[in-house]
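Subject: Handover of a structure

Dear colleague,

Please find the structure below for your attention.

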Amino acid sequence: MAHSYKFAIIRLAPDDGRDERLNVGAMVFNDQSVDIRIPPKLDKLRALSAAADADALRDLIGSFADIDARFRDAGQDSVEARYSAISAIGPLQLSALGSFVAHDATAYEERIQAILKTMVLSEPAIKRIREKRSKLLKQVKTAFRQEHVLAKKNEDLSSHRIVPGFELDEGLVADLVLRNGAFHVVETVDASGDEGSLRKAISEVGIAALVLERARMRFGADHVKARLVYSASATLEKIARPSFDAAAHQGAELINWASTDERNRFIHSMAMLATPVPKKNRKVKFAGPPLPIE
């Protein structure tokens, strides 16, 4: 059977002169008690004062329940009377009463969590995907941009263009992904430095292999075409060859960016699979006045 509940938001207002308020909890009035909910973290207290004590605030909020119990024992049964009696304790104030309906304990909990999320909890930080930054990846993206098949910032896989920095899982970001029937997942490894960067190069090959394996798990092994594009000095390529071969053994096609044939074949095959950016949406760069003929 559905039951109606009244609730109030608990607000911290430490200085009336500054008229600053912070929502720090919620309180639901039940028949025999009050259900007080406080976020596990009260970091946002620092927005009002760096000297605010979270533990002391929790204790003070808890006193709402003690005062409410005394008023119920004294015969104050109505929610409105109880609310009026405890509407303020020191720097804490209650908002105007609101209400919600819940059919069972699960619905009750869901409504409280929704109230906390909407009115009390801090908004989560905007999640930023950290894309790989390397000379090789920049060159690969430039090549696809020149072919007009690199996706724009607001485009996803449904554009059927090559999407850079595609997050497969938390902490695992594929360098490039194209969906066209299959999922074409491209990882790059820049090992073109000196021998001192060998450890970094081998580590990048390992991460690339992990990303490609996660792509197979997410999209299905039969629906993923994996490619590993690498740039390596002759010495590093020789030393890192076992790592490259291991990636190839797992199903990745190896493309040596230094090989003109392999590079051109890779760019052409990917460009043929992608949907080009419409000409009307392409940016035309002004090249400046023509150079004088000498």
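The largest nonpolar core contains 29 residues, and those with the most contacts inside it are Phe166, Leu168, Val185, Phe219 and Leu228. A nonpolar core here is a set of buried Ala, Val, Leu, Ile, Met, Phe, Trp, Tyr and Cys residues joined through side-chain atoms within 4.5 Å; buried means under 20% relative accessible area, exposed over 50%, and partly exposed in between, with a 1.4 Å probe and protein chains only. Two or more residues of this core come from each of S7, S8, S9, helix H5 (198-219), S10 and H6. The largest share, seven residues, is given by H5. Helices (H or I, at least four residues) and strands (E, at least two) are DSSP runs, numbered from the N terminus.

Please note that this is a predicted model, in which local features need pLDDT of at least 70 and side-chain atom pairs count only at pLDDT 80 or more, while totals for chains, interfaces and linings use all residues. Residues are numbered from 1 along each chain as its sequence is written, and side-chain values use heavy atoms, with hydrogens and water left out.

Residues up to four places away in sequence aside, Phe219 touches Phe166, Leu168, Phe183 and Val224, where contact means heavy atoms within 4.5 Å. A second, separate core of 20 residues includes Val24, Leu57, Ile89 and Leu94.

Turning to the sheet, five strands form an open arrangement in the order S7-S8-S9-S10-S11, with mixed pairing; two strands pair if DSSP finds at least two bridges between them. Strand S7 (163-169) and strand S11 (253-256) stand at the edges with a single partner strand each, so one side of each has no neighbour in the sheet. Strand S9 (residues 182-191) and strand S10 (residues 224-232) run parallel and are joined by nine bridges. Within this pair, Val186 has Arg227 in S10 as its bridge partner.

Two helices lie across these strands. Helix H6 (residues 234-249) lies across S9, S10 and S11, at about 170° to S10. Axes are lines fitted to C-alpha atoms, for helices over the stretch in contact, and angles run from 0 to 180 degrees between N-to-C directions.

Finally, Ser95 is found in the loop between strand S5 (92-94) and strand S6 (98-102). Ser95 is buried, with a relative accessible area of 7%, and its side chain reaches the backbone nitrogen of Ile9 at 2.9 Å.

Technical notes: Polar contact = N/O pair within 3.5 Å; in protein donor to acceptor, adjacent residues only side chain to side chain.
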